[in-house]
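Here is a briefing on one protein chain. Look over the sequence and the model before reading the points below.

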Amino acid sequence: MAETINVLFLASEAEPFVKVGGLADVAGSLPAALRNLSPKMTGGTLLDVRLVIPLHRVIQSESSTLLPVIEFPVYRRGGNLIAQVFERSLDGAPVYFVTGLPFLTATSVYSSDSRQDLEKFTFFSLAALELTRRMGWRPDIVHANDWHTALSLYALRSRRGDAFFAHSAGLITLHNLPFMGGEAGETLASYGLTPVNDETLPRWARTQPLPMGLWAADAIVPVSETYAREILTPEFGCGLQDFLRARADSITGILNGLDVRAWDPQNDKHLAAIFNADDLGGRLENKLALQKKMGLPADARVPLLAVVGRVDEQKGLDLILHALPRLADRPWQFVLLGTGDPKLEAAIRSLQARYPERVQAVLRYDSALSHLIYGGADMLLMPSRYEPCGLAQMIAMRYGCIPVVRATGGLKDTVQEGKTGFVFTRPDVDSLLEAIQRALSVYASAEKWRRFQRNAMKQDFSWTRSARQYALLYRSLVPETG
Ligand code: GLC
């Protein structure tokens with residue numbers, strides 16, 4: 001009989017309930033991909049993966065579909081807090097939503113007030129762990145994601161003497177190392193957690209949630225193989241490179257997959273026309289629809305460049321803003337969809353004011369429009385300074401939109417220069433310009449361009465391979481049972 005591994009999967013956001021960034025795509029699709037692996041692919045193991053996320057205010061508005069499950073106290077100095085847990089099912093598996101006082105006052109998923117977020121996510125991490133005991137469902141693996149849920153692993157390790165968790169192992173997926181949660185000494189103390197007492201972690205890191213979780217984890221999983229190597233260097237290690245190097249044996253890079261049902265150009269209700277690798281005809285209709293929607297001159301021939309995602313330094317948007325004016329003597333159009341840094345948003349608006357016939361930006365999150373951009377734009381620009389995995393370039397390739405990317409993290413692992421996209425190395429305007437120019441000259445030959453599109457669309461970015469890697473890693477962390 002197949003053995004079952006219980007996996008408690010914790011994240012601060014997950015599609016389709018709440019999304020701020022790529023973490024939500026992963027938390028929304030990996031649990032189902034893991035559950036759906038056949039025991040043949042996992043060496044005879046079944047995975048009972050249960051997702052737990054906070055009941056953020058945006059989810060509460062739909063709370064009529066949520067069933068109350070349980071309430072219990074979470075220790076807090078000066079008076080315990082009550083955790084309330086709700087449930088609903090997604091793809092045939094339960095999803096749990098946790099709330100309590102720290103979430104009732106918060107209006108957004110993440111706040112600019114770091115104290116408020118520390119309070120929320122410390123409470124959440126501890127409550128989610130306690131939930132398993134209250135349900136009598138023993139987790140073999142606690143799978144945390146990023147700083148928000150990292151403290152669950154630290155609490156787990158502090159409770160090794162607790163019979164219920166005696167055989168639970170901890171794994172953390174690392175989506176973004178620079179976000180560590182901040183100095184949390186006071187919040188930790190009020191929830192009964194003490195700082196890490198170990199010299200292998202730099203002193204400043206011993207009271208910050210992410211490093212504490214990394215320290216406590218049995219396995220650390222950066223979201224691409226290249227990012228797994230990069231974080232061991234001073235350039236990307238954010239001061240933790242020496243600690244991470246000492247833990248190199250516990251680090252395994254696993255590339256994120258895509259929800260290939262949600263992203264399928266042959267079956268996408270947001271497109272003006274569907275298409276596939278053998279029949280790209282529909283793309284043209286999408287391009288014209290996109291130009292019309294964005295208020296740009298409808299022109300099938302002009303290369304249409306795009307950016308979809310967070311407007312952030314990390315994404316190298318400033319490089320694009322400097323590069324485009326230098327290409328002003330050639331035809332191109334540029335569309336951008338996303339929100340973020342107000343300074344960069346203002347710079348995008350002024351580029352639009354300077355080239356209204358060429359540049360149009362929509363500065364908000366709009367899922368439907370993102371589909372039309374992937375299905376209609378010719379090139380996706382991603383000159384990221386660092387990119388743990390990146391999802392937009394994978395979606396773009398699936399839709400025949402050719403990525404121009406910097407060789408870092410997951411971008412390096414998913415885009416092949418001269419075959420599926422255009423790749424440059426140095427994070428500067430000249431290197432980006434050269435790569436765009438290479439792309440534009442290939443674009444000039446319809447036949448060559450179609451070859452890129454077909455290559456890109458034939459790549460397999462489904463979860464299957466990566467989910468299997470996670471399953472094998474889970475197995476290696478669970479002691480053999482008789
Ligand atoms: C973060 C990273 C991005 C990654 C995503 C999901 O947003 O910046 O590179 O794709 O997490 O892992």
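Does aspartate 318 count as buried or exposed? Aspartate 318 counts as buried, because its relative accessibility is 19% and the cut-off for buried is under 20%. The model is predicted. The points below start with the whole chain, then turn to charge pairs and one alanine.

**Overall build**

- The chain holds 19 helices and 14 strands.
- Its C-alpha trace spans about 70 × 50 × 45 Å along the principal axes.
- The radius of gyration is 23 Å, which agrees with the value near 23 Å for a compact globule of 482 residues.
- Of contacts between residues at least 6 apart in sequence, 71% join residues at least 24 apart.

**Surface and burial**

- Buried residues account for 59% of the 482 residues.
- The accessible surface is about 19,800 Å².
- Carbon and sulfur atoms own 50% of that surface.

- The chain carries 52 positive and 51 negative charges.
- Side chains of opposite charge can pair when their charged atoms come close.
- The whole structure has 20 salt bridges.

- Arginine 385 forms a salt bridge with glutamate 313, at 3.9 Å from N to O.
- This pair links distant parts of the chain, 72 residues apart. Glutamate 313 sits in the loop between β9 (304-308) and α12 (317-323). Arginine 385 sits in the loop between β12 (379-382) and α15 (392-398).
- Arginine 385 also forms a salt bridge with aspartate 318, at 2.8 Å from N to O.
- Aspartate 318 belongs to helix α12 and arginine 385 to the loop between β12 and α15, so this pair ties together parts 67 residues apart in sequence.
- Arginine 385 is partly exposed, with a relative accessible area of 26%.
- Glutamate 313 is partly exposed as well, with a relative accessible area of 47%. Aspartate 318, in contrast, counts as buried at 19%.

**Other salt bridges**

- Arginine 364 and aspartate 366 meet in a salt bridge of 2.7 Å, N to O.
- Arginine 364 is partly exposed, with a relative accessible area of 44%. Aspartate 366 is buried, with a relative accessible area of 18%.

**Alanine 435**

- Where is alanine 435 found? Alanine 435 lies in helix α17, which covers residues 429-443.
- Alanine 435 is buried, because its relative accessible area is 0%.
- Beyond its neighbours within four places in sequence, alanine 435 is in contact with Val404, Phe422 and Phe424.
- Alanine 435 and valine 69 are 366 residues apart in sequence. In space, the two are 54 Å apart, C-alpha to C-alpha.

Methods: Residues numbered from 1 in each chain as written. Predicted model: local features only at pLDDT ≥ 70, side-chain atom pairs only at ≥ 80, totals over all residues. Heavy atoms only, no water. Helix = DSSP H or I, 4+ residues; strand = E, 2+ residues; numbered from the N terminus. Rg over C-alpha atoms; globule rule 2.2 N^0.38 Å. Buried < 20%, exposed > 50% of the residue type's maximum accessible area, 1.4 Å probe, protein only. Contact = heavy atoms within 4.5 Å. Areas by Shrake-Rupley, 256 points an atom, 1.4 Å probe, with all protein chains shown as cover. Lys, Arg positive; Asp, Glu negative; His and termini not counted. Charge placed at Lys NZ, Arg CZ, Asp CG, Glu CD. Salt bridge = Lys/Arg side-chain N within 4 Å of Asp/Glu carboxyl O.
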